[in-house]
Each structure stands twice: as structure tokens, then as C-alpha cells.
Amino acid sequence: MTTARVDRRAQRSPARSGATGTVDRTDAPALRRRQRRKSRLTALAFLAPLAVYLVAFYAYPLYRNLDLSLRDYTVRSFVAGDAPFSGLDNFRTVFDDPTFGPALRHTMIFTFVSIAFQYVAGLALAVFFNRHFRLAGTLRALFLIPWLLPLIVSASTWSWMFNSESGVLNYALHLVGVAPVDWLTSPDWALTSVIIANVWIGIPFNLVILYSGLQNIPGELYEAASLDGASAWQQFRRITFPLLRPVSAITLLLGLVYTLKVFDLIWIMTKGGPGDSSSTLATWSYQLGFGTLLPKFGPGAAVGNILILIALAFGLLYIRVQRRQQA
């Protein structure tokens, strides 16, 4: 009797084993789905803080700025939130304003002249420091000081240096017998003065980025070029500059976006004056929105949106050029 029971158990055990295998194979896809769902939930949990940050500090301010530019806001309606919809009237007001043309022209001059000098000076310094001579690291660190200083400190320092009566620049001109220049109070020199200050501030950024790009160029290329008799200029033109193009492109793009929105430097030094001689779209937008007792929130926001569109256009142009180069 006992033997028969053992035999029956032995006969049933393969069936149970097979059934268990069938269940395991059936549950495997469900198990994989649960694992994928868990991975997605984990990824969403990590992305949630970033998404909240982008919505709170980027998407919502952009939406509010667009809403401001499409409504007729006054101080009362700005607080109450019942401004009537005005469509593109604020943009028409901006385009018809006689200040728009000079402000746009000054913005373009300020941006492109600053970027050109910053890039050339930054590239020259990056190539110079790439020689790894003694004290190169110390000197490179000293060149970062303009970049590390708060803009209000830099702008105040340059305002003192450009002062017509007690500035160090006019004192230096006096020593060599040159008449003093009204750097910040002359319509002919105000824009040039803020460009000089902005170039000084932006050179360290170009130096750091371009120097990092030079570190990725293999030294063997320069050794081979030297063996072939290439001069230093030929090495720069044939090796350094072409291989730095991707780094140069992103450096110029970031510099352009940053320079387009420069406000505090110009405002502290000249406040866009005298007259409108150094006014840019950034300073004009602030003047419209906050610079008078009767602020024009709608036109000020419209000018800000124009700046955003200009920066976006250059960003899309950069992406297109990069894709064409990679293709």
C-alpha cells in the first residue's frame, strides 16, 4: 500500500513540475511589463523636479510675457488681472516708435562687435596659454577675474574709469597730451564705452571654452606638421582653427544669446543715454515697463518677445549649420 502511494506521487510530480514551468513561462511577460513600468515610474520620479523647475521658471514666465504683450495692461489692470485683449497693437506701437530703429541698430552693433572682439581675444589667449609655460595656470586664473566679478562691480569700476573729470583713462590721455574724452556723456562715445566694458567682461568666457577645445586636439598633429616644415601660422590655419569649429560655434552662439540680453552693464554705465545713443532693446524694454511713473507693460513685454525671437532665430540657424556639417 505504501509503495503504491509513493509510485502515484512520483507519477504526479512531473506533471506538477511541468505545470510550474508553464506558469513561469506564462508569467514572464507580465513580470517584464511590471519591471518596465517600474523603470518608467522611477525615471518620471527623477524627471519630475526638473519638469516642475522648467514649468515654473521658464514656461510660465514666457507665457506671462506673451500674455502681457497681447493685452492692454495698466497699473490697475496689472494688479486686478482684467486687462482687455489687444492683439498685436503693442507690437505695432513698438514698431511705430521712433526709438525702435536706433535701439535695434545699437543692439546689433553692441552684440556683434562685442562677440567679434571677445572671440578673437579669447582665441589668441587660449593659443598663448596652450603652450604650457611656467606660471601659465596662474596667469590663466587671473584672466578669470572679470568673469567672476559681479556685473554691478564691473560696471561701476568702468564708470569710474570712463569718468570725464576724474577717470583714469582721461588722466592717461592728459599725460600724453591728448584732449579728454566724454566717454559716457557724449552721444559719439557712449555706445563705444559700454562695448569696451562688455568685451573686457566676456573675454574670460571665450578663453575658458576655447582653451578646453584646444586640449582635445591631438599633439601628434602639430608634431607631424612641424616635421613637414609648417610654420606656426600654417599650423593654426590648417589644424587649430578647423578643429575648433564645433567649439567656436557653440561659444559664439552662447555669447550672442548672452550679449543680446545685456542690460545691467549698460544701465549702470549710461542708462541708455545720453538721449538714446546707447539704448538697446533690453534697456528700452526696461524703460517701457519700469522706467516711468506710467509704465507701459504691454509694449515693454513686446520688446522682450522680439529679443526672444531674435535669439531663437540664431539658435535655429546654429542647429541647421551643425546638422549640415555632420551630414
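This is a predicted model: local features need pLDDT of at least 70, side-chain atom pairs count only at pLDDT 80 or more; totals for chains, interfaces and linings use all residues.
Side chains of opposite charge can pair when their charged atoms come close.

The model contains three salt bridges by the rule applied. Asp 67 takes part in a salt bridge with Arg 64, with an N to O distance of 3.3 Å. Asp 67 also forms a salt bridge with Arg 71, where the closest N and O atoms lie 2.8 Å apart.

Asp 67 and Arg 64 are three residues apart in helix H1, so about one helical turn lies between them. Asp 67 has a relative accessible area of 13% and is classed as buried, because the limit for that class is under 20%. Arg 64 is partly exposed, with a relative accessible area of 26%. For Arg 71, the relative accessible area is 26%, which places this residue in the partly exposed class.

## Positive surface patch

Arg 32, Arg 33, Arg 34, Arg 36, Arg 37 and Arg 40 form a positive surface patch. One of these residues, Arg 36, is located in helix H1, which spans residues 2-69. The relative accessibility of Arg 36 is 45%, so this residue counts as partly exposed. Membership of a patch requires over 30% relative accessible area and no salt bridge.

## Nonpolar surface patch

A nonpolar surface patch of about 830 Å² is made by Leu 135, Leu 139, Leu 142, Phe 143, Ile 145, Leu 149, Ile 152, Val 153, Trp 200 and Ile 268. Helix H5 (136-142) and helix H7 (151-161) are the elements that give two or more residues to the nonpolar patch.

Val 153, one of the patch residues, is placed in helix H7. This valine has a relative accessible area of 37% and is partly exposed.

## An exposed loop residue

Val 176 is situated in the loop between helix H8 (168-175) and helix H9 (190-215). With a relative accessibility of 62%, Val 176 counts as exposed, because the limit for that class is over 50%. Val 176 and Pro 150 are 26 residues apart along the chain, and their C-alpha atoms are separated by 33 Å.

Thr 283 is found in helix H14, which comprises residues 281-290. Its relative accessible area is 0%, and Thr 283 is accordingly buried. When neighbours within four places in sequence are left aside, Thr 283 is in contact with Phe 263, Ile 266 and Trp 267.

Methods
Residues are numbered from 1 along each chain as its sequence is written. Side-chain values use heavy atoms; hydrogens and water are left out. Patches are made of residues with over 30% relative accessible area and no salt bridge: like charges are joined within 9 Å, nonpolar side chains (Val, Leu, Ile, Met, Phe, Trp, Tyr) within 5 Å. Accessible areas come from the Shrake-Rupley method with a 1.4 Å probe; for residues, only the protein chains shown count as cover. A salt bridge is a side-chain nitrogen of Lys or Arg within 4 Å of a carboxyl oxygen of Asp or Glu. Lys and Arg count as positive and Asp and Glu as negative; His and the chain ends are not counted. The place of a charge is taken as NZ of Lys, CZ of Arg, CG of Asp or CD of Glu. Helices (H or I, at least four residues) and strands (E, at least two) are DSSP runs, numbered from the N terminus. Buried means under 20% relative accessible area, exposed over 50%, partly exposed in between (1.4 Å probe, protein chains only). Contact means heavy atoms within 4.5 Å.
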